[in-house]
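Here are a few notes to read alongside the model. Take a look at the structure first, then go through the points.

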Amino acid sequence: MIANEFIPKPYKHLLESGVVAYSAPSNIALVKYWGKKAHQIPANPSISFTLNNCKTSTMLTFERKTSKGFSFEVFLDGELQEDFKPKIEQFFSRIEAYLPFLASYHFRIETSNTFPHSSGIASSASGMSALALCLMQIEQQLNPDISKEFFNKKASFLARLGSGSACRSVEGDLIVWGTHTNIKGSSDLVGIKYPYAVHPNFKNYCDTILLVDKGEKQVSSTVGHNLMHNHSFAKQRFAQAHSNMDALISVLKSGDLTAFISIVEREALTLHAMMMSSDPYFILMKPNTLEIINKIWAFRAKTGLHICFTLDAGANVHVLFPDNEADEIQKFIETELAVYCQNGHFIEDKLGQGAQQIKI
Ligand code: PMV
């Protein structure tokens, strides 16, 4: 697949104005993307669960203009957000070649998240995906021949140029991004639906997100990715991600939850180990992140239940478990883990099926 396939033919006509809207979910990586090359190409393949409840809804109102350059305003929960502008400006300039109508309109971007903005949950994946899908909806109006498959593929391609992991937030429920020899159709340019058998053990898999630290991260993921360029362990880490993907293919097929746990937790800790061993080094985990991890390990040893954790680039903990063990594990979270969360806050989520158009 080459990027040129996403450059559209000249449009026959442009619309004067309109409104489109999409909601897109967040996702949580099992094998992590950490390190990238130019043009948002990942240094290694990754795979994620698409979430169901944590999402961004975006409404895009557009109107023809004659002035040059991009013109847009962004609102979060009805409030104008000047500080979102540079990221969107950069996104528009990266994708203009693929959506030549961008400079012909003034856009009003109205967005809201189902999770609190200051929850420490990254809204860039769901946010960039929702915006990319809205833009694709405009493109579909200009070119009605676009198939559903191409629509999703290009939305993922565009979302990736906004925030890498956003390309995994278009479809559900297991998404692969980054070329891997043993995953047919895998690509550095777009997220694809995981193409092989998945054991029923993973159906409706649960993810309860423990909000340990709702503050702004001290080190952005852009900076973190860049620190992989001269990282002493980069080569080994990228090779490990490839072999963990291989191991996960067998586990997803067999339903071996013990092996699943071992891959997922190792990936989470390796991600943070990369941060702790980069130059300069940094730590995003907080004392309560470690308290939670230790509690999870002790509870798992005591009960034999298949609870495990994964981490994003932050202090919050994603607690993963199979649906049929949810009652006991949810009780454990409420009674023993919620105390480590800021204001006792956590979000119950599970595997989801991807983005949805919002009818206006
Ligand atoms: O999409 P970015 O640039 O915010 O990077 C996300 C990186 C991780 O969340 C840490 C891992 C991943 O694969 O989602």
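How many residues of domain 1 are in contact with how many residues of domain 2?

1. The answer is 34 residues of domain 1 and 41 residues of domain 2, where contact means heavy atoms within 4.5 Å. Domain 1 covers 3-196 and domain 2 covers 203-350; such bounds come from an automatic or database domain assignment.

2. A word on the source: this is a predicted model, where local features need pLDDT of at least 70, side-chain atom pairs count only at pLDDT 80 or more, and totals for chains, interfaces and linings use all residues. Residues are numbered from 1 along each chain as its sequence is written, and side-chain values use heavy atoms, with hydrogens and water left out.

3. Back to the domains: about 3,200 Å² is buried between them, and carbon and sulfur atoms give 69% of that. Buried area is the accessible area (1.4 Å probe) that two parts lose on being put together, summed over both. On the domain 1 side, Leu 30, Lys 32 and Trp 34 lose the most area, together 26% of what that side buries.

4. Now for the salt bridges (a side-chain nitrogen of Lys or Arg within 4 Å of a carboxyl oxygen of Asp or Glu). Across this interface the rule finds zero.

5. Asn 152 has a relative accessible area of 14%, so it counts as buried, meaning under 20% with a 1.4 Å probe, protein chains only. Beyond its neighbours within four places in sequence, Asn 152 is in contact with Leu 133, Val 170 and Glu 171.

Terms used. Buried means under 20% relative accessible area, exposed over 50%, partly exposed in between (1.4 Å probe, protein chains only).
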